[in-house]
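Biologist: Before we turn to the aromatic side chains, could you show me how to read them? I would like the general idea and then the case at hand.

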Amino acid sequence: MKGILGGSFLLLLLAVYCGVDPFRHSAIADFPDFEAVHVDMAPWSQVPKEKDSQNLLVNSEIKFLNEVQGPESVAFDPQGRGPYTGVADGRILFWNGKSWSDFAYTSPNRSEICERKPSIMGYLKNEHICGRPLGLRFHSKTGDLYIADAYFGLLKVGPDGGLATPLVTEAEGLPLKFTNDLDIDDHGNVYFTDSSTKYQRRNFMHLVFSGEDSGRLLKYDPLTKKTSVLRHNLQFPNGVSLSKDTSFFIFCEGSKGRLIKYFIKGEKAGTSEVFAILPGFPDNVRTNEKVIKYSSDGKILQVLEDAQGKVVKAVSEVEERDGKLWMGSVLMSFIAVYDLN
């Protein structure tokens, strides 16, 4: 009986300790207003069952191993040069065919704290100082590179690179807390996502676990230099990709595991609808020239997988270029390339 009472007392002490957290060991100690939000997931019956039975991505080539840390987005300029990619220390790098060189950066506060670290996670502490470029897109006509930096908002840098110029840092009086991805139409309008108005990228796990719904979908007009919010109350909005005719674009809502179609032109302009349900947590999304996972009406055309993660894992973005898929990852230190031929 004494043993049982002693064990119960210890459990009670442990419960009190966890509840009070006197030494602030809890992951949410700095977020006293942390609150879990209901995530209305699609029924299991709607989740795609299609698989890649051949595990084709196992045949991918690993390039630039340990030369790039956390290459979230991969882009090529209008002349086809590249790739360009944003890495964990806040720089945007350019591959000239032989070696990597610094192309641009989003923060003017470059110092020793931004220097290379052994682990990608080692940069999290100072990301808000050094910057963290995520989505990258080139304007096809001007050659300017548009950047979604998690901390410094929407920025632009010219074809010669250098320090990027901020375009948007707030919308409707709320600062951009977690700028994530973007795309640009023929008129230079930029459609982009702010994943949360509460959590920064360095606290992204709080955003994942809470299901927090303050994310926004936005539009920047380069003529008026004004930013409008197209959708509020999104749960971890992320990747953005325009259709080829620019009549609509697709964006990810990560927490709900789905793609949303937002209409720009036509009778449905200004409205949105569910485009596709995904079997996982989507990150960036891209429209490819030759291989498209989904058709324009949301039907699966092809699935490429490395189910065991033997070669390709934690993919953040896929960019198609000259018959090859270039796959970036915010968590890996390489770019994987799959030959479609």
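Modeller: Keep in mind that this is a predicted model.

Biologist: Why is the pair of Phe236 and Phe281 edge-to-face?

Modeller: The planes of Phe236 and Phe281 meet at 80°, with the ring centres 5.4 Å apart, and because an angle over 60 degrees counts as edge-to-face, the pair falls in that class. This pair also links distant parts of the chain, 45 residues apart: Phe236 belongs to the loop between β16 (226–234) and β17 (237–242), whereas Phe281 belongs to the loop between β20 (272–277) and β21 (317–321).

Biologist: Is Phe236 buried or exposed, and how is Phe281 classed?

Modeller: Phe236 has a relative accessible area of 6% and is therefore buried, while Phe281, at 45%, is partly exposed.

Biologist: Which residues form an aromatic cluster?

Modeller: One aromatic cluster is made up of Tyr84, Phe94, Phe103 and Phe138.

Biologist: Where do Lys63 and Lys261 lie?

Modeller: Lys63 is placed over the face of Phe64, 5.4 Å from the ring centre, and Lys261 sits over the face of Phe248, at 4.3 Å from the centre of that ring.

Key
Residues numbered from 1 in each chain as written. Predicted model: local features only at pLDDT ≥ 70, side-chain atom pairs only at ≥ 80, totals over all residues. Heavy atoms only, no water. Phe/Tyr/Trp six-rings, centres within 6.5 Å; stacked < 30°, edge-to-face > 60°. Helix = DSSP H or I, 4+ residues; strand = E, 2+ residues; numbered from the N terminus. Buried < 20%, exposed > 50% of the residue type's maximum accessible area, 1.4 Å probe, protein only. Lys NZ or Arg CZ within 6 Å of the ring centre and 35° of its normal.
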